[in-house]
Each structure stands twice: as C-alpha cells, then as structure tokens.
Amino acid sequence: MSEHRAFEQRRADMVNEQLRARGIDSPAVLEAMGRVAREQFVPVHLRDSAYEDGPLPIGAGQTISQPYIVALMIEALDLEGGERVLDIGTGSGYAAAVLGCIAGEVFSIERIQELADRAERALTAQGFDNVRVRCGDGTLGWPEHQPFDGIVVAAGAPAVPEALKHQLTLGGHLVIPVGGEQGVQYLERVTRLSDDEFRTEDLGAVRFVPLRGEQGWS
C-alpha cells in the first residue's frame, strides 16, 4: 500500500473509531475530518502518529489537539455551511483547515509568529484559500471582520473574553475552554441571544494550554 493510501485508511479509521464511536454525528464535520490530511499539519517526524487518539507537540510549547476534541468543538458551532468563522489559536492550522471545509470564510489568529507562518504555509499547500491567518492577540478577536457566525478557541481562558462574545452574530456560538491556568478546564458554548444577553452551556471537562492575551492569561 502506498503511503498516501495508508494515511487515507488511517484517516477513515480515525473518523469511525474516534469520532462516530463517541457520538460525533454531524455529516459536515465527519466529512471534513475525513478529508483533511492531518499528517500535513504535524512535524515530519510525527506524521506516523498523526491519527493517534491524542494531542501531539508542534513546537513552541504548543500542541495539535486530539482529533475528537477538534471534532467536538467544531460540531458545537452548529455550522450549516458558508458561514464566517473566527478561529483563535491557529497552532498547526489543522482545525482551521477542518473549518475551511465547512465555513465560507475562516479568520484564524495565532499569537506565535513562527506557528502562524508555518500554519499559513500548510494551509496554502493544501489549497485552503478561504482561510486567512494572522499573528496577534486572539483574546481581542478580529474586529475588522466581525460579526462571526461561530468562534472557536483552542486555549483555556480564565473567563470568556468580552471582546469575543460581542463579535458574535445573533444566534452565533462561541466554543471555548474556561478554567484554571493549569489542569482541567470546562468547555463552554456561549450563544448570543441579543445585544447583551448570552446563554452558556457546559460541554464537559477538557485540558488546553493557557489562552494568553489582554483578555486571557498574562
């Protein structure tokens, strides 16, 4: 079997065994996760581990999240296709690529320049021309392109940043881990109900690196 076919098989197995088996049932999310070549978003020496059921280091003290967590967070955005989405914590660019298969436009912010540059190269190489990456403070969002139908944050915050809540469309969802700087956080889904009214749901315990920035950890 060629390397390309071997990775395709591992990707299909990941979708069935790690996602469907744990209750991910959004056709759009399953299709996107089955389409994006995760091995292209991890360091070369870790490509054989790309479809393992866990996070992997990507350098600069950061990780690419476990496939199931990526799917869970994107499914919680409840996207139908064609939306404008803000992705905070680009990291490897993998989650932005999955979002790019569903949303119309993805705006992704990474605070570490080295990772932003690497993710942008990987996304371009994989043909994701609807994903825009910049280096900056993700806790402040991307005001020039608001409002967003969905916002997903791949780092744990002490509280939900007000800037992000107010860049949501009415009915839009913000999915973010909230809790202590170290240890377990809780994945929250915040839905904007009106100009100043929001509903928060708890999606379960998770563990992420800290969200650094003006409205996150210092």
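Throughout these views, a residue is called buried when its relative accessible area is under 20%, exposed when it is over 50% and partly exposed in between, with a 1.4 Å probe and protein chains only. The model is predicted, and local features need pLDDT of at least 70, side-chain atom pairs count only at pLDDT 80 or more, and totals for chains, interfaces and linings use all residues. Residues are numbered from 1 along each chain as its sequence is written, and side-chain values use heavy atoms, with hydrogens and water left out.

**View 1. Helix α3 and the residue that follows it.** Helices are DSSP runs of H or I with at least four residues, strands are runs of E with at least two, and both are numbered from the N terminus. Nine of the 10 residues of α3 (residues 67-76) are buried, leaving the helix mostly covered; they are P67, Y68, I69, V70, A71, L72, M73, I74 and A76. After α3 comes D78, which has a positive phi near 60°.

**View 2. Helix α4.** Because eight of its nine residues are buried, α4 (residues 94-102) is largely enclosed by the rest of the structure. Those buried residues are Y94, A96, A97, V98, L99, G100, C101 and I102.

**View 3. The largest nonpolar core.** A nonpolar core is a set of buried Ala, Val, Leu, Ile, Met, Phe, Trp, Tyr and Cys residues joined through side-chain atoms within 4.5 Å. The largest one has 51 residues, of which L19, I24, M33, V36, Y94, L99 and L123 touch the most other members. At least two residues each are supplied by α1 (3-19), α2 (27-35), β1 (56-59), α3, α4, α5 (113-125) and β5, and the largest share, eight residues, comes from α3. With neighbours within four places in sequence left aside, L123 is in contact (heavy atoms within 4.5 Å) with F41, G93, A96, A97, F128, V131 and V133. A second, separate core of 18 residues includes W142, L168, L174 and L211.

View 4. Rings of Phe, Tyr and Trp (its six-membered ring) pair if their centres lie within 6.5 Å, and their planes count as stacked under 30 degrees apart, edge-to-face over 60 and tilted for the rest. The structure holds four aromatic pairs. The ring centres of F107 and W142 are 5.4 Å apart with planes at 75°, so this pair is edge-to-face. It links distant parts of the chain, since F107 belongs to β4 (residues 105-110) and W142 to the loop between β5 (131-135) and β6 (148-153), 35 residues apart. F107 is buried at 2% relative accessibility, and W142 is buried at 6%. Together with F148, F107 and W142 form one aromatic cluster.
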